[in-house]
Amino acid sequence: MLNTPSPPKGEAISSNGSSPVHLRQIQEILEATHEKYKNVDDGKVATYIPELGKANPNHFGICLVTVDGHVFRVGDWDKEFTIQSMCKPFAFLMALEQRGPAEVRKHVGVEPSGDAFNSIELDAKTSCPFNPMINAGAIAVASLIKKSPVEAGIQAFVDQMSEAAGRNLRIDYSVMNSETLTGNRNRAIAYLLRNFEVVDEHVDEALRQYFAQCSLLVNCEDMAMMAVTLANMGANPRTGNPVFDFQYIKYVLTVMFTCGLYDYAGGWAYEVGLPAKSGVSGGIFGVVNRQLGIGVYSPRLDTQGNSVRGILACKDLASELGLHAFEFTNVGSHFMQSML
Ligand code: DON
């Protein structure tokens with residue numbers, strides 16, 4: 001057996017195998033990352049949902065929360081934005097909890113599509129959406145977790161997300177209405193799903209559930225708390241409450257790792273190496289299993305619909321903190337806990 005290098009106890013995780021990073025240095029690293037990218041103005045704010053176009057393009061916030069409850073924040077970490085596609089992993093987790101993995105797999109696959117988030121396509125072999133991270137898969141999932149009346153399913157989603165964030169969250173109905181008015185592409189996808197009996201006859205209810213989920217208001221700290229709740233086996237580290245059934249979290253993190261960034265998923269896994277999910281409002285959240293959660297927000301997007309500053313920040317943080325899943329120095333939370 002090869003000798004495995006391990007950092008001295010009470011010291012650190014490390015980015016490059018030689019320079020330890022102490023827990024107390026995380027704030028400095030967050031601040032340096034924010035400073036480095038706060039003036040990058042590449043990319044464009046999403047306007048295909050007209051209400052999203054009102055976002056302040058200069059907002060830029062980062063939050064990191066560890067499983068033992070340490071919170072690090074910088075910039076516009078408290079500015080609210082709609083969760084958009086970052087709702088997809090959580091809705092998928094709710095479907096797994098409510099329907100079980102076998103039933104869910106009858107409606108949605110787990111293969112990366114390599115295509116854009118809003119592709120109008122199904123897997124030719126199964127006539128199901130490729131995965132739950134693209135819109136087609138997320139609408140299939142929304143159909144599984146909707147209730148009758150539909151407001152009950154929306155409330156169940158808001159309640160569980162509030163538990164994960166550790167505070168009461170709410171829907172932004174102006175964004176939801178804006179997407180409902182302009183969401184013809186998602187309606188086309190939903191009726192394609194109905195044609196192949198992936199969703200039941202309550203197509204409009206499934207869409208309402210999906211649009212509502214996407215319109216949940218969050219900030220960077222909420223996203224980091226929700227991420228760290230996944231990292232912490234489903235328990236919110238701040239409240240101590242169990243939120244998610246931990247036996248399904250591995251499935252969610254897997255599809256986030258392989259499909260979370262759509263047609264940039266391979267590049268992201270290679271360069272950042274974290275299960276993550278982006279949204280067109282400009283948020284990205286990432287999970288370091290058993291260690292920490294990260295939430296980043298900046299509304300200017302690249303051509304693939306991912307936050308420009310968000311991606312730059314995550315690349316730097318992954319490198320500086322040694323967060324890549326296959327970074328050999330990524331050694332586990334017990335080292336971080338002993339660093340204070
Ligand atoms: O369905 C839509 O188009 C939006 N509600 C969500 C898309 C999204 O966030 C894609 N992520 N980058």
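Visitor: Which residues does Gln213 touch, not counting residues up to four places away in sequence?

Guide: The model in view is a predicted one. Gln213 is found in helix α8, which covers residues 203–214. Leaving aside residues up to four places away in sequence, Gln213 touches Ile83, Cys87, Ala91, Ala142, Ile145 and Phe157. Gln213 has a relative accessible area of 1%. Buried means under 20% relative accessible area, so Gln213 is buried.

Met133 is found in the loop between α3 (101–105) and α4 (135–145), and at 0% relative accessibility Met133 counts as buried. Not counting residues up to four places away in sequence, Met133 touches Lys88, Pro89, Val255, Met256, Cys259, Gly260, Tyr262 and Lys277. The C-alpha atoms of Met133 and Tyr48 are separated by 19 Å, the two residues being 85 residues apart along the chain.

These two residues belong to a protein chain in which 58% of the 340 residues count as buried. The chain contains 13 helices and 9 strands. Its radius of gyration is 19 Å, close to the 20 Å that the globule rule gives for 340 residues, and the chain is therefore as compact as a globular protein of that length. Along the principal axes, the C-alpha trace spans about 60 × 45 × 35 Å. Among contacts in the chain with a separation of 6 or more, 70% are between residues 24 or more positions apart. The accessible surface of the chain comes to about 13,800 Å², and 51% of this belongs to carbon and sulfur atoms.

Side chains of opposite charge can pair when their charged atoms come close. The structure holds 13 salt bridges, and three of them may be described in turn.

One is formed by Arg167 and Asp222, whose closest N and O atoms are 2.7 Å apart. Arg167 lies in the loop between α5 (150–165) and α6 (173–182), while Asp222 lies in helix α9 (residues 220–231), so the pair ties together parts that are 55 residues apart in sequence. Arg167 is partly exposed, with a relative accessible area of 32%, whereas Asp222 is buried, with a relative accessible area of 3%.

Another salt bridge joins Glu271 and Lys315, with the closest N and O atoms 3.3 Å apart. This pair links distant parts of the chain, for Glu271 is in helix α11 (residues 265–271) and Lys315 is in helix α12 (residues 308–321), 44 residues apart. Glu271 counts as partly exposed at 42% relative accessibility, and Lys315 is also partly exposed, with a relative accessible area of 27%. As for networks, salt bridges that share partners join Glu80, Arg167, Arg170 and Asp222 into one.

Lys106 is exposed, with a relative accessible area of 58%, whereas Glu103 is partly exposed, with a relative accessible area of 25%.

Definitions and conventions
Residues numbered from 1 in each chain as written. Predicted model: local features only at pLDDT ≥ 70, side-chain atom pairs only at ≥ 80, totals over all residues. Heavy atoms only, no water. Helix = DSSP H or I, 4+ residues; strand = E, 2+ residues; numbered from the N terminus. Rg over C-alpha atoms; globule rule 2.2 N^0.38 Å. Buried < 20%, exposed > 50% of the residue type's maximum accessible area, 1.4 Å probe, protein only. Contact = heavy atoms within 4.5 Å. Areas by Shrake-Rupley, 256 points an atom, 1.4 Å probe, with all protein chains shown as cover. Salt bridge = Lys/Arg side-chain N within 4 Å of Asp/Glu carboxyl O.
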